[in-house]
Amino acid sequence: MIEGNNKSIRKAYNPDLMILVVEDQMIFIKDVKHALPQHKIVFARTVEEAKSSYEKWLPDITFIDIDLPDGNGFELLDYIRSREPEAYVIMLTGSKMWEDVAISQQKGVHGYIIKPFTRSKIEQTVEKYLGVREKGIQLQLAETEKRRRSAMTMQETKEEG
């Protein structure tokens, strides 16, 4: 399992995003690349490539196509969730089947983008993630400060007694 705290702390001090895009169609790979030129993007075309890339890069955001040559995106999503339950995952698909949307929601993904998508849709998704990340960082800092104050109070009580 990935150490969530270490990843969060590392990401708090690194403003660049690491994005994993799991997609087997080159046109959509290029679309994402053009939409997010300022971020580090890693691509995988199969479930197996994606598993390896996920472990290596620990992405901030993972975009997963549902239909992949060696399996489906839900299989990959389950794999990612088993390692990092709070991973930020967006499903991509050309399918408009409501079952896919329902499964995605049931599995707790953070979004669902139907292809073809616009550059602004990808940008909005990243902006939403940045807001979520900032809120998480602020909560971590507040919790750390609370623990620090509690420890100081305990130390002062110990010294007085």
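A salt bridge is taken here as a side-chain nitrogen of Lys or Arg within 4 Å of a carboxyl oxygen of Asp or Glu. By this criterion, a search of the whole structure finds ten salt bridges. The structure is a predicted model, in which local features need pLDDT of at least 70 and side-chain atom pairs count only at pLDDT 80 or more, while totals for chains, interfaces and linings use all residues. Residues are numbered from 1 along each chain as its sequence is written, and side-chain values use heavy atoms, with hydrogens and water left out.

The chain contains six helices and seven strands (DSSP runs numbered from the N terminus, with H or I over at least four residues for helices and E over at least two for strands). From the N terminus on, their order is α-β-α-β-α-β-β-β-α-β-α-β-α. Along the principal axes, the C-alpha atoms fill a box of roughly 70 × 30 × 30 Å. Of the 161 residues, 41% count as buried (buried means under 20% relative accessible area, exposed over 50% and partly exposed in between, with a 1.4 Å probe and protein chains only).

Five of its five residues are buried, so β3 is largely enclosed by the rest of the structure. Ile61, Phe63 and Asp65 lie on one side of β3, and Thr62 and Ile64 on the other. Strand pairing (at least two DSSP bridges between two strands) links β3 to β1 (residues 18-22) in parallel through four bridges, with Val21 partnered by Phe63. Strand β3 also pairs with β6 in the parallel sense, over five bridges; here Thr62 has Val89 as its bridge partner.

Two aromatic pairs are present (ring centres of Phe, Tyr or the six-membered ring of Trp within 6.5 Å; planes under 30 degrees apart are stacked, over 60 edge-to-face and the rest tilted). Phe28 and Phe117 form a tilted pair, at 5.6 Å centre to centre and 40° between the planes. This pair links distant parts of the chain, with Phe28 in helix α2 (residues 26-35) and Phe117 in the loop between β7 (111-114) and α6 (119-160), 89 residues apart. Phe28 is buried at 12% relative accessibility, and Phe117 is buried at 10%. Tyr88 and Tyr129 make an edge-to-face pair, at 4.9 Å and 70°. Because Tyr88 lies in strand β6 (residues 88-93) and Tyr129 in helix α6, the pair ties together parts that are 41 residues apart in sequence. Both Tyr88 and Tyr129 are buried.

Arg81, in helix α4 (residues 73-83), is buried yet has no salt bridge, and the nearest side chain of opposite charge, Glu86, is 6.7 Å away (Lys and Arg count as positive, Asp and Glu as negative; His and the chain ends are not counted). A polar atom of the Arg81 side chain lies 2.8 Å from the backbone oxygen of Gly108.

Glu145 meets Arg148 at 2.4 Å and Arg149 at 2.9 Å. Glu145 is partly exposed, at 26% relative accessible area, whereas Arg149 is exposed, at 53%. Elsewhere, salt bridges that share partners join Glu23, Asp65 and Lys115 into one network.

Conventions. A polar contact is a pair of N or O atoms within 3.5 Å; within protein, one must be able to donate a hydrogen and the other to accept it, and residues adjacent in sequence count only if both atoms are side-chain atoms.
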